[in-house]
Amino acid sequence: MILQSLYELYDRLAADPGYEIAPPGFSLQKISFKVVLSKAGDLVDIQDARVLTNNKLRPRPVRVLGSTKPSGSGMNPCFLWDNRAYLLGADPEGEDRARSVQSFHAFRDRHLEAQTEIGSSPFDAVCAFLRNWDPDQAPHFPALSDAAKTGFGLFQIQGETAWVHEDSPIQEWWRRRLGAVEHGPTGTCLVTGEQQPLARLHEKVKGLAGGQSFGSGLVSFDEEAFRSFGKEQSFNAPVSEQAAYRYMAALNGLLDGPRREKHRLTLGDATVVFWTDSATATEDLFARFASEGSTLADSGDAQDEGLRQKLEAFLQALRQGREAYAKLEQEPERKGFHLLGLSPNAGRVAVRFFLSGTLAELLENLRRHHRDIGLDPQPAAGKRRADPEFPPLWLLLRQTAREAKDIPPTLAAPLLRAVVTGARYPEALFAAVLRRIAADRRIDYPRACVLKGYLNRNLNREVTMSLDKDRPDPSYRLGRLFAALEKTQKDALGEKLNKTIRDSYYGTASATPVTVFPRLLRTYQHHLAKLEGGLRVHRERLVQEILSSLDGFPAHFGLADQGLFAIGYYHQTRDFYTKAAPASGNTPNPTFGEPEEEQ
């Protein structure tokens, strides 16, 4: 299903010039430097070819002759493009000098052998340069120690804007050469079902977070243990040369093309690719929305009027449901989406998940997800930004670990599957967030969202968005009580305490309340006595109201009740500071705990 979906996607991407899909026999490569020659083949300069994008120099994508740079220990020179070792004999970092010189000689010999067949003046200049070039001269050019560290290089004639490989005689020779290439054995293609020449090797997947620079194999076999009935390499999974090219060109167009930002996102260790059967507004927004949540509305890209209107319709669809879907998409129940999760694995690609369905199903499940986790967010206060109405998925995952690199890799796929399909949230996500709360005693908006979603969806313990004074659960009421006792301490001793009862007793109070709440109530009486009259009466009434339905303090709370305790704490604290908001709108920032560094 994965290869078939990508195979079918190819035609749409190839027809759209914005994706820059190269035809068979060509590829889109990242060019970092250029070798500028005179018409006679003398070296003019070696220059940086990168372009400034978002205030950063990045390699420019150029369509070149041939496919992805092959890997391996043998000599694999490309035609009129390559890295600095092949192109000039310059030493790549970590490579020995002899290997670099050998690579250059292989590159030179390949081009000199083809000179008589091509008949091109620019190509003759390249051959003249290759005959005379001494690899020992490479260290004298700054571009080779900066721009050429990554990416590839091309040739250009001084005064010309086109690259040498774009010369018409060279292009014609290359196409004739492609037509004369011997094909592999014929067989039934698993993708098309047709009898066609089968691909011995498939192109590499590019653009994976954490993947190898030259790409990773999605379909590949390189050990005898993987052979079946004597079939070696990719003949084990018979895919035609045409289908292998089309599916990989489409995938790399989404992952590493000029429009990759609207198709890919990183979640944990997985790179997630999203596309729809036809061009849709949801395709333009989903990946960005999953990465940024409703903060996407504040980004610079959202200033584009067309994108802004799509974003407003998208957010309205999540808020209102099916009646708003028509404003976003026409017949969303007839349009399909595809979501593919990939992770690098020692030179290969591990498929984490592949999800498909209709856009109507996707929007409904997204709406359900945000309804399940939805809470009243904290408003902006001072330097603190307001919490997002729709938190991004990375923010939810970030609550499971002290540092982003420590997020369990097994959580991303189950969480995304739960969001997209309406399945249960992973239990490990809920448990990991509770562990983080126990470790740093911080109960803020994104953590409370995770806990609420799990309690709502997995345990059917309906939790409201804001404070529920009538909820009788002991764990919820004790969470509220703990927040009231902490607020009383702060009102009596000052907001900027070095250590509050949350810092000292939260873990014990949420797990074994009977051991700590009697002591906290005795301390509370001392704090209460320091309050002004009206505030003291109001706080005493609140504490009595919370305690009124409790029949003692439980000896132990399980994980579910610990989650409900945290929700009660969050709701009550949020309610305190909402009511305390002055007329100017400068709401004090409730001390849920110091926020960790943002990702």
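Ser120 has 1% relative accessibility and therefore counts as buried, the term for under 20% relative accessible area with a 1.4 Å probe and protein chains only, against over 50% for exposed and partly exposed in between. The model is predicted, so local features need pLDDT of at least 70 and side-chain atom pairs pLDDT 80 or more, while totals for chains, interfaces and linings use all residues. Residues are numbered from 1 along each chain as its sequence is written, and side-chain values use heavy atoms, without hydrogens and water.

Ser120 lies in the loop between α3 and α4; helices (H or I, at least four residues) and strands (E, at least two) are DSSP runs numbered from the N terminus. The side chain of Ser120 makes a polar contact with that of Asp167 at 2.5 Å, meaning a pair of N or O atoms within 3.5 Å, where within protein one must be able to donate a hydrogen and the other to accept it, and residues adjacent in sequence count only if both atoms are side-chain atoms. Beyond its neighbours within four places in sequence, Ser120 is in contact (heavy atoms within 4.5 Å) with Asp167, Pro169 and Ile170.

Gly119, with a positive phi near 70°, follows α3. Among the buried residues of α3 are Phe104, Phe107, His111 and Ile118. The elements against which the buried residues of α3 pack are tabulated below.

| Element | Residues |
|---|---|
| β6 | 81-82 |
| α2 | 84-88 |
| α4 | 121-132 |
| β7 | 152-157 |
| α5 | 168-179 |
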